Amino acid sequence: MQNSPEQQPIISVQALHKTYDSGFSALKDVNLEIQRGEIFALLGPNGAGKTTLISIICGIVNPTQGTVLADGYNVVKDYREARSKIGLVPQELSTDAFESVWATVNFSRGLFGKAPDPAYIEKLLRQLSLWDKKNARIRELSGGMKRRVMIAKALSHEPDILFLDEPTAGVDVELRRDMWEMVRELRERGVTILLTTHYIEEAEEMADRIGVIRQGTLMLVEEKEKLMRQLGQKHLRIQLQTPLSEIPAELDEFQLDINDGGYSIDYRFDVSEEHTGIAELLRALSKAGVDVKDLHSSESSLEEIFVNLVHRQGEQA
C-alpha cells in the first residue's frame, strides 16, 4: 500500500553526486529526506556543499548523478512542476534596484503563472513589515529590508517549500529575531522550510532536525534535541570557599580545570552517560580538604557540538 502524500517526504534526495567540469567534487552520495511541515537546518563550513545542494533541489544546477524529488516531481524531468512548489531566498541580494517593492513581488508571482492576487500580496507585505514601503524603490531600502523583499518574492507564488540560504547574513540581531518569528509562522501555515546558516543559534532556536555537511558529504542527519543529547556534554562549575593554586594530585582522574583565579573548578561529563562521576568527585573534594561553596551545571551549546563533530571527522579523514 502506498503512503499518502502527507506521509511521503516533501523532498527526497537519493544518491546525489555533483562534480564540476574542473573536476571538483562538490557533493558525494548525498541521501536526504525532508518531511512535510518541518524546519530543517543544514550546517557546514564555507565550501561544504550547502549552496550546491540547494541549487540542485531548486533546479538551478544539474546533478552529475542521482535523483531529487520535490513534492513527488523530479526536479530535472518535471522542472516546471517541481519549481512551482519551491520558493528560494538566495544568499546574494539581487533585486531590480529601480522597481518598487509592490511591482517586484507582483512580477515574481506572474513568473510562476499565478493569477494576480493583490489581497495576497498585501497580506504578504504586511506580514514582512513591508507594507509601508510598498511604493519604495528597492535601491532606497536598507539591507535588512532588501532581505525581506527577497523573502516576499520567494513566497509570492505560494510555494509549499521555502529555501533560505544564509537568510540572516549581514542582518542585525533585532531583524534576525523578527525573521525567526516569521519562519515559525510559515511553518504553522504548512510551509516546509530548509535553511542553511552559519549562525548556530539560528538552528538551535528554530530547527526540528539538523544535517551537518562537510566536504560534500552529509555527515549526519538527526533531530536537534536527540543530537544535543547524544553529542552534548554537561558542564559543572564548582565554586570554592578558598582559591586553589593547582589541582590536588588525588583529583587528577577527574580532569578538572581551574578558573576564576582559583575560585572555581570545571568538570565535564557526557549527557548520555548514566554514571556521571559527580558524587565521587564531591567525595574526593571533601577528602582532599577542598571546601565547596556552590554548584552550577549547564549543557553544551549546539555550536560546541558542531565544532567538536567537524573536528572529530577531520581527524578521522
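Predicted model: local features only at pLDDT ≥ 70, side-chain atom pairs only at ≥ 80, totals over all residues.
Residues are numbered from 1 along each chain as its sequence is written, and side-chain values use heavy atoms, with hydrogens and water left out.

Glu 181 and Arg 184 are three residues apart in α6 (residues 173-188), which separates them by about one helical turn. Helices (H or I, at least four residues) and strands (E, at least two) are DSSP runs, numbered from the N terminus. I looked up accessibility next: Glu 181 is partly exposed at 41% relative accessible area, and Arg 184 is partly exposed at 22%. The classes are buried under 20%, exposed over 50% and partly exposed in between, with a 1.4 Å probe and protein chains only.

Then I turned to Asp 266 and Arg 237, whose side chains form a salt bridge at 2.8 Å, N to O. Asp 266 is in strand β13 (residues 264-270) and Arg 237 in strand β11, so the pair links distant parts of the chain, 29 residues apart. Asp 266 is buried at 4%, whereas Arg 237 is partly exposed at 25%.

How many salt bridges does the structure hold? I noted twelve. One of them joins the side chains of Arg 36 and Asp 71, at 3.0 Å, N to O. Arg 36 is in the loop between β2 (25-34) and β3 (39-43), and Asp 71 in the loop between β4 (65-70) and β5 (73-74), so the bridge ties together parts 35 residues apart in sequence. Arg 36 is partly exposed at 31%; Asp 71 is buried at 19%.

Last, I checked phi angles. Most residues other than glycine have a negative phi. Ser 129 is not a glycine, yet has a positive phi of about 55°. Ser 129 lies in the loop between α4 (118-127) and α5 (143-155) and is partly exposed at 41%. Gln 255, also not a glycine, has a positive phi of about 50°. I located Gln 255 in the loop between β11 (233-240) and β12 (257-259), where Gln 255 is exposed at 67%.

Technical notes: Salt bridge = Lys/Arg side-chain N within 4 Å of Asp/Glu carboxyl O.
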